[in-house]
Amino acid sequence: MFTGFDVDHWDDHIPWMWQWSNLRLIGFYLAHGANDKYSSWTTHWHDLKDLGWGIVPLWLPFKSEDILDMAKANGRAHGGLAADRAEGAGLERRTTIYLDIESAVFGAGRDAGFKSYVVDWASAVRSRGYMPGAYCSRLDAPRLLGRWPAPKLIDRELRDANLTLYPFSIKGLTRANWNDKTFQLAPALASTWDADKDPTWAASASTVACQYDWFNAKRDKKIFHWPSAQGKPDTFRDVDWNMSKVFDPAHPFAAGVVAVTADRGGPDVVSIFVIGVSQIQVSRRTAAGQTDPVLELDLGTADIGPAAAPELASFDSTGAAAVSRRASHTDVFLLGQDGYVRTLYENPLARFPHHPWSLNPTAPARKGSPIAAVSREVDQIDVFYVDRQHRLVTQWWSVLNTDWAANHRVLSGPLVAGGSNIAAVARAASAVRAGSIDVFFISLDFAVSSADSAWRSDAWQVVQASWSQSGSWQISSIQGLGGVAAATGVACAFDNRETLHVVVQSRDRQQLRHAIRVGAGPAWAVGPGPTPLPLVNNLSVWWMSLALIAVGDALLLVGPTSAGTLAWSTCVGGRWSAAASGASTLATSRPIALARRGDAIVDVFGLNDAGESTMQSLALANGVAVLMPAR
């Protein structure tokens, strides 16, 4: 379970709530009435993404006292208004918008009007490129799922509307277990969500979350305080408490991550791992570009690490990494909701064996921590993640030094932003240079208030952590790369001349920036990246995430876009081609992974919006990339 909350208006304490609490998701009101054109949240979609929040987009047409007007309203017109507000707030395509139905509506002879409104609203939202959901009473949840309370009666129109549900289910007394001093909300299993005697709606795969409770001074006097920048209680506020099966209800079924690695013995053979909240899948891409059938691994968190409490006994599948340390040896690193970094591995003697240990038994990782891993030498692995104080951590393993827990170091420096990835590249030692590792992330200065102008720019920096065999770790911000989008992340790669390249996106999502470092020195040259993506229906389009790879004399930048397409650009001789894009099966919300195939093809791996592994391919010739037809 993933915990969350919502409040009716944006508050400048929200960045500190991310820093100090265990909360993962937050409500985002597109409107507080059908005629509202904006809310206090409208300008903060990218802020929440960069902070690391999973988001619940809510469109509220009628308050509870006016709910009867819904049965007489035009659902199709209201669906268009909801999509308008989503576009105005910068929501990427295929985001789920939740129709906020403030009280139970079905029954007492009004069913036809309410059903017509909901079905028409959902159809209009879907026609604009978004996905329809409903925030509703638990009493209406079975009906909105297409089932009448009586057995064996199916409402086909509502079933075919295919709504994602987020019911509210409130008992008479507060049941949420919130610690007002440590800012921790105890998670509650879906089996406990129902406030009465019908648990069927909570068990449905279409139900992704629940407003589990609320605190209100007029109710039973429970206390909720925001944290200050120093982590002290500061200012009282009423609040709704939420429980979720996924970490981002805006994209509920793409709740996973893909990790890939080329085999050290034959780089055209690639292992592909899909880590979901409750499952792990593996497949292979052969040298011919074929993908073998997917194998479901019967592994839970307790099979590859310590047993966790039931409400934390799933994978925190926001990040994972895979490496090949030797031919036919693959190691994968992933996070449990309990904060323990786990590994599964395959070699000629063992295929994903069970084990009870984790890498970090005494120092849990941060909620939703990104993970990166590199193997700079045969039989050497370095892993990177973020601890609960938001600091970069490294652990390492070799055949001569196999104790993961002992090989642990916190890298003091700027704190890692909640929405940032970790990007890492490594080079083996040679006759003319020492072995080295370069790690990049986007930092956030949590001491800066979001009410300050600096928070929108200078508070966000690209940070480089560098190590070589000739010295210790060095950590510093890259000058000229401030004000960048943490949720877009950092992409990095060495070209064929061993020049190091970094690409990021600005916080306003209007431009890409490209930094180059020649040799091992600290100096970076910073300039523009590819030109902005072309408008779609007169709307701006931006990169949702970035991945970079060297192919021959070219660098290839690839990423999903806010329009639901796949974008790419090539860099040859320091000059970027115009960004191009094409139709995509990849989810807009999840990062991608790249792997070369031969000297001229790059396969792009990711998840689709159903959470299934998918692959698209780009072919390069003379520095120009072309999207290959789907097979």
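Modeller: Asp47 and Arg507 are both buried. This is a predicted model, and in it their side chains form a salt bridge, with N to O at 2.9 Å. The partners come from distant parts of the chain, 460 residues apart. Asp47 belongs to helix α2 (residues 45-51). Arg507 lies in the loop between β30 (500-505) and β31 (512-517).

Next, a helix-to-helix pair. Asp111 and Arg143 meet through their side chains in a salt bridge, 2.7 Å from N to O. Asp111 is in helix α4 (residues 111-127), and Arg143 is in helix α5 (residues 141-144). They are 32 residues apart, so this pair too links distant parts of the chain. Asp111 counts as buried because its relative accessibility is 17%, under the 20% cut-off. Arg143 has 7% relative accessibility, so Arg143 is buried as well.

Now the strands. Arg284 pairs with Glu346 in a salt bridge, and their closest N and O atoms are 2.3 Å apart. Arg284 sits in strand β15 (residues 280-285). Glu346 sits in strand β19 (residues 341-347). The two are 62 residues apart, another link between distant parts of the chain. Both Arg284 and Glu346 are buried.

In total, the model has 32 salt bridges.

Conventions:
Residues are numbered from 1 along each chain as its sequence is written. This is a predicted model: local features need pLDDT of at least 70, side-chain atom pairs count only at pLDDT 80 or more; totals for chains, interfaces and linings use all residues. Side-chain values use heavy atoms; hydrogens and water are left out. A salt bridge is a side-chain nitrogen of Lys or Arg within 4 Å of a carboxyl oxygen of Asp or Glu. Helices (H or I, at least four residues) and strands (E, at least two) are DSSP runs, numbered from the N terminus. Buried means under 20% relative accessible area, exposed over 50%, partly exposed in between (1.4 Å probe, protein chains only).
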